[in-house]
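Work through the exercises below with the sequence and the model at hand. Each task is followed by a worked solution.

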Amino acid sequence: MKSRLEVERILRSYNVPVTALRAGLIVGPKGSSFPILSKLVRRLPVMILPKWTRSNTQPVALDDVMKSLSSLLLDFEPAQRSIDIGGPEVMTYKSMMVKTAEVAGTRSKMLDVPFFSLSLSRLWLRLVTQTPKEIVYPLVESLKHPMVVHSERYMEGISDGEIPFIQAAREALEAELKEKEVSKKKPTMGPLKQDVRSVQRIELPYNWTADETARYYVKWLSTFLNPWVKTDVNDQLNCRIGFLGNRTLLELSYSADRSTKDRSLYYITGGLLMDPDSNERGRMEFRKIPGSNEVIIAIHDYLPSIPWFVYYVTQANIHTFVMSCFRQHMYKLSAIERDRLGIVVSNVR
């Protein structure tokens, strides 16, 4: 929920009219919420339902969402606003499970329990549905909030979906079955090459910019990995990351024309760890989140030189470890800065 609101806030910080459609559970194939629901009712003959399953929600069919988006584009002028959208029924998660089981042709015995059990629910959903925790954990966190259309964010012709839940559920399950039939005919071996996308959120000391963070990261990296890794930066801010001072692991070329104080962009242009034949737009970006004291450090479209499964168990884990240590280091610097500012403020008082 917080991340959705943050997306709205960031987009609006660029002074462009932004209309946000806020939906609860969208009923359709390949989503995040409804496939979890359908897996639960199909895989569990007995279900223990914690308190969150009695929370109200207003599920909306994917086709209704697309209709609302089209209507906004064709019939309304751009404006800064947030609009709630929902289907024709307000229901509990339990009633959605009952109707989904009816459509799927399964029977699950459902037992209500009086507690919320947030931690147990997360583990249970992840285990049964085999869904990544990055999807399950935020989803369960949001379930304690009623997800219905509010009158102050209602817009006629946009907010009111028309497709009943049971019809939307039937169409979604049918689409999933068709997709499974198609996937059975395709080879299951994963690709040897995949592009890397890594996104880290890091707290900054007071008033630090993204550009300062990028320069500091290069210096910190050399200190942290000393004596195995050395970094060199030239006058154009291009960076070379070398192993034992001789072999170049990565070359980062600074993009001056696309960088500002709030965004520092480096293209990955060379080094032993990069695939020179496939890499075209591999880059590392430091971008400060507007209105906050946090920065996003992201790697996009980077193609490693080693096979994907080798990268996954080696270089990827090393990168995760290094970024985790950098996050902790920056948090300590932020804490020191907060304490210093607190002393200054108390002296002024």
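For sorting lining residues by class, Ala, Val, Leu, Ile, Met, Phe, Trp, Tyr, Cys and Pro count as nonpolar, Asp, Glu, Lys and Arg as charged, and the others, Gly among them, as polar. This is a predicted model, in which local features need pLDDT of at least 70 and side-chain atom pairs count only at pLDDT 80 or more, while totals for chains, interfaces and linings use all residues. Residues are numbered from 1 along each chain as its sequence is written, and side-chain values use heavy atoms, with hydrogens and water left out.

**Exercise 1.** Describe the largest cavity and its lining by class.

Solution. 
- Step 1: on a 1 Å grid over the protein atoms alone, a cavity is a set of points where a 1.4 Å probe fits but cannot get out; a pocket is an open set with protein on both sides within 12 Å along at least five of seven lines; lining residues have an atom within 4 Å of a point.
- Step 2: grid points are joined across faces, edges and corners, and a volume is the space filled by probe spheres set on the points.
- Step 3: the count is 1 cavity of 30 Å³ or more, and the largest cavity holds about 100 Å³.
- Step 4: its lining includes Leu25, Ser33, Trp52, Tyr93 and Met97.
- Step 5: helices and strands are DSSP runs numbered from the N terminus (helices H or I, at least four residues; strands E, at least two). Helix H2 (34–43) and helix H4 (93–104) each supply at least two lining residues, and H2 gives the most, with 3.
- Step 6: the classes are 10 nonpolar, 1 polar and no charged residues.

**Exercise 2.** Classify the ring pair Trp220 and Phe326, then the pair Tyr266 and Phe286.

Solution. 
- Step 1: rings of Phe, Tyr and Trp (its six-membered ring) pair if their centres lie within 6.5 Å; planes under 30 degrees apart count as stacked, over 60 as edge-to-face and the rest as tilted. There are 11 aromatic pairs by this rule.
- Step 2: Trp220 and Phe326 lie 5.0 Å centre to centre with 55° between the planes, a tilted pair. Trp220 is in helix H8 and Phe326 in helix H10, 106 residues apart.
- Step 3: buried means under 20% relative accessible area, exposed over 50%, partly exposed in between (1.4 Å probe, protein chains only). Trp220 has 9% relative accessibility and therefore counts as buried; Phe326, at 0%, is buried.
- Step 4: the ring centres of Tyr266 and Phe286 are 6.5 Å apart and the planes are at 75°, so this pair is edge-to-face. Tyr266 is in strand E13 (residues 263–270) and Phe286 in strand E14 (residues 283–288).
- Step 5: one aromatic cluster includes Trp220, Tyr266, Phe286 and Phe326.
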